Each structure stands twice: as C-alpha cells, then as structure tokens.
Number of protein chains: 2
Amino acid sequence: MTEPTTQILVVDDEESLVDMVSSALRFAGYEVRSEQSGFDALRAVKSSDPDLVVLDVNLPDVDGFEVCRRIRRDGRDVPVIFLTARDGADDLRTGFRRGGDDYLTKPFSLEELALRIEAIMRRVRGDGGDHHRLAVGDLMLDDDAHQVFYEDDEIDLSPTEYRLLHYLMLNAGRALSKMQILDYVWEYDFGGDAGIVETYVSYLRKKLGRGADMIKTVRGVGYMLRRPEAAA
Amino acid sequence: MTEPTTQILVVDDEESLVDMVSSALRFAGYEVRSEQSGFDALRAVKSSDPDLVVLDVNLPDVDGFEVCRRIRRDGRDVPVIFLTARDGADDLRTGFRRGGDDYLTKPFSLEELALRIEAIMRRVRGDGGDHHRLAVGDLMLDDDAHQVFYEDDEIDLSPTEYRLLHYLMLNAGRALSKMQILDYVWEYDFGGDAGIVETYVSYLRKKLGRGADMIKTVRGVGYMLRRPEAAA
DNA sequence: GCCGATTCTCAGCCAGTTCTCAGGTGACTC
DNA sequence: GAGTCACCTGAGAACTGGCTGAGAATCGGC
C-alpha cells in the first residue's frame, strides 16, 4: 500500500471515460497520465515509462492491439489492460491474454478495474503467493477466494453485494456518498438512480446479521463502515 | 515449491506463443528466459546455463533437433522439451524421447506443459522414489499414477477432466475465472467459448459424487476448489 | 475400420440476481 | 407534535448466469 507510486497510462478516445477512470485511479493513489490516441499513447509510453497501461482497443488512429505490439517491439513488457466492447471479446481472448495482460469489457465498474490493476501489480511485484485479505473488525474479506466471513461464519454474497462491501471495507471509517458508491461499484453507464444503493445496503445488512450495524447510515451523506474503535 | 528457482529457456519464433508460455511459467514460479531463433538459443544456453529448455522444432535458422544436438555436443545434458506441429510427430516420437527429454505437439495446453516440466524436474532432481501427490480435503491426486481418489475410492477421469481437477487443486482456496481455466487447461488455440468449462465442471461433479460440492461456483467469477479449513 | 470414450455445442430450465417501486418507519425541523 | 424528508425494506418483474441432458463430431484402441 505504501510502495512508491505506481504510474498508470490511460488511453481511450472517449474523453468522459478517460476523465472518470483517471480521477478514480488518482483517488486510489496512483499517478495517472492519459492520452486519447494510439500515437500519443506510444509517445507517452516512451517518455514516461508507465508501470501499467489501460488501453482501449478501438482508437481512432492505430488500434489498441497494434499499440501494444509496438510497445512490446520496443522491448517494454509493461502490463496492459485492454478495454473492449462487450461483443467480440471471445474471438480476441487467445490473442491478447498473455504477458500479465488482462482485459475488461465495456461497460465496467471502477471497482472491477481497480481489482484488476491491483491483481496485476501484485503479480508483477511477485507477491502472488500469500493470500490477499482485508479485515475490519470481525469482518474479513478474502479476495483470492472471493469469500467473506463475519466472526468466522462464511457469508454468501452476490457479485454486486461483494463489490459494495469491498468498497466499503477499503474505505472503512470514511463516509461515502451514495453517488460515490454508485459511480464506483456499478457499471459506469448505469442509468438508474442512487436509491439502488439503499437496497443493496439493506441486502448486505440482512446477510451480515449481528454485524448489520457495522454499516452506519450517515444521514444526508451516505454510508460508512465502522471501524471497531472509530467511535473515539 | 521452495527449491532454488529453476531456470527455463523458451525457444520459439512465434512471439505470441513465447509470451504466453513465458508468463505462465513465470507465474508458476520459474525463472524464464526466451529466444526466437536457434543461434540465439545456443548462445543463451552457453551464457545462462538453464535447467530446462522448451524448444520449438521449426525454427527459422537451425532446426530444434540440430540445436539439441549441438547442446549435447557441448557436453550439456540439460533436459529438452520439444514443441512440434501435430502432423509428422509420429515418426519422430521414438526418435527423441530419451535422455530426460519429452515432447509436446502444438497446440498444447499450459497445464500440460507445466505437468511435463514438473515431471522432468522431479526426475532430474532424483526424487522419483516417493510418489508425487496432491491432496485437498478428502481428494487426492496421484500425479505419477495419474489417478484420483475421493475418500479412497478411485475416480476415473478423462484427460481433460484430470487437467481441470489438477488445476483446481493447485489453486485450492482461490477463485479462478472461467477464462483463466480455459486459458490454462485447454489448448491455447481453442476457439470455442468459455461455456465448456461449465460442462466439464458438471462432469467432474458428477464423478465426484458426494464430493461434488467441493467445487464451489463463485457466481459472476468462476469456480473454486474448497479447502477444508480455509479460515486458518 | 469399428466401437466406445471423449470432446464440444447447444438449448431449455431453473435459481439467483438485479433493479424498480411504493408503503412504512424513524429522524429532524419548526 | 405535525409535517417533511431521508431512509428502509418487502414484493415482484425482468433478466442473467449457470447447470445439465442430448446429440454431433472426433479420437484412439483394438
């Protein structure tokens, strides 16, 4: 968590997406640079030598694969996360899943992107061996097993519930607005309203049983996961 | 698992294949170096003295057999795994299966390659005496005999089922995505869709009988083999 | 070359999941 | 203490992902 800042290059021609992703990653503690075309991306890789590249496949000039190929040809094995449209991903699978690379189909949630980046950085740093766990009070989230425990009882969560809890745990002791949660946990093109966060918090609390009040409602703001001694 | 790192040299002129194999082996804990031509390979063997060579037969300059012959002539008996195209392999089969060597016809699965490498390294290290086994809960996989037992009952598996179970057991307690499984257990040029993983999990569960629920479905993610006491 | 085993595709079914909505409840304001 | 507002939660509709049986295609052993 306190390693030297990781530099990420984000490449996509949709400006709003670049903005969103960039600010989320900056917030997560990464140093971010962005470009909107293939050629600019290549130039940026050469000049700033990033630790990871988030690369859209559909770019106006050179496509993402070609950009990646050229990066590799220059002898850089920086990991790349490709962003692709939902359809057609299957055909591409074998082509670009290699060298520590990964891909994400649009639309994705920022939580998902953050998870992939973390996983890749862990792999690159070579600490793939030990389990990656997150604990707050009696709550424990095992990210490798995708399991959650409360006082050693396993709690079965749906994917969305899991992402929500993960986000809350990452920000334990900090109040998060419903909008913030919506932006992070849901796919970025989600059209509905923030009320759905309430519904999912309700689901979570029900499943947490006695641990339900670990999720504190911050009236007029949003929610917060209580740290055991945050009361002080 | 904690022996001094094994150095592997991967030689193939197809860049994407080299990338894929290299990263898979690195992930499996090997130290990997790669070359794309016969001469470069010979030079690399001399300079880095690898513990094992994965060698494509069809190279642009010198062919794989010749490379192997020259390595031997220099007095090195480093084991070699040849990669060959599917056709024509038959004639060669008897020819080069000797001296700790092995071969694999393209396309192969990464799981298969990993199994061969493991087997050879075991042979070379001389611990052929004791059986090489993998156990998770009441499941036991005997890699030498290629047999699987659940509570001492032998379970008869097809080759693909075996590779799948082996991969799951290697990663017990960790959720694996269907894509990850597909990439590792199936041949790398498999064109079909990830749904086939579901089918094979279904086969496995049927054969496992009472042990069926050791394979947990992680909805939205993939599958995981349950460890008996994952809480530790 | 035949036959059984194996691999793979496909489609229907079902359970779990996502999301919307609306009535209820509790908290804060004046 | 009445009104208002934010939040909670149950019900249910629509959808999705995963399971499995059936069958076609292929492989491999004899």
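Reader: What is the expected span of a helix?
Author: The expected span is 1.5 Å times one less than the number of residues in the helix. This model is predicted, by the way. Take helix α1 of chain A, residues 15-27. It has 13 residues, and its first and last C-alpha are 18 Å apart, close to the 18 Å expected.

Reader: Which residues of α1(A) are buried?
Author: V21(A), A24(A) and L25(A). Seen down the axis of α1(A), they fall within an arc of 95°, so they line one face of the helix.

Reader: And what covers them?
Author: The cover includes β1 (7-11), β2 (31-35), β3 (52-56), α5 (110-125) and α7, from chain A.

Reader: Which exposed residues are on the face turned away?
Author: E15(A), S16(A) and R26(A). Just after α1(A) comes G29(A), with a positive phi of about 100°.

Reader: Switching to α8(A). How many residues does it have?
Author: Helix α8 of chain A has 14, residues 195-208. It reaches 20 Å from first C-alpha to last, close to the 20 Å expected.

Reader: Which ones are buried there?
Author: V197(A), Y200(A), V201(A), L204(A) and L208(A). Their arc around the axis is only 105°, which puts them on the same side of α8(A).

Reader: What do they pack against?
Author: Several elements of chain A, among them α6 (159-170), α7 (178-185) and β11 (215-218). The face turned away from the buried side carries exposed G195(A), T199(A), S202(A) and K206(A).

Reader: Last topic, cores. Which residues touch the most other members of the largest nonpolar core?
Author: V54(B) and L55(B), in a core of 57 residues. Leaving out residues up to four places away in sequence, V54(B) touches I8(B), V10(B), V11(B), V21(B), I81(B) and L83(B). Apart from that core lies another of 51 residues, with L208(A) among them.

Note on methods. Residues are numbered from 1 along each chain as its sequence is written. Chains are lettered from A and ligands numbered from 1 in the order in which they are written. This is a predicted model: local features need pLDDT of at least 70, side-chain atom pairs count only at pLDDT 80 or more; totals for chains, interfaces and linings use all residues. Helices (H or I, at least four residues) and strands (E, at least two) are DSSP runs, numbered from the N terminus. A residue is buried if 20 or more other C-beta atoms lie within 10 Å of its own, exposed if 12 or fewer, and partly exposed in between; C-beta atoms are placed from the backbone. The arc is that of the directions from the helix axis to the C-beta atoms. Two residues are in contact if their C-beta atoms, placed from the backbone, lie within 7 Å. A nonpolar core is a set of buried Ala, Val, Leu, Ile, Met, Phe, Trp, Tyr and Cys residues joined through C-beta atoms within 7 Å.
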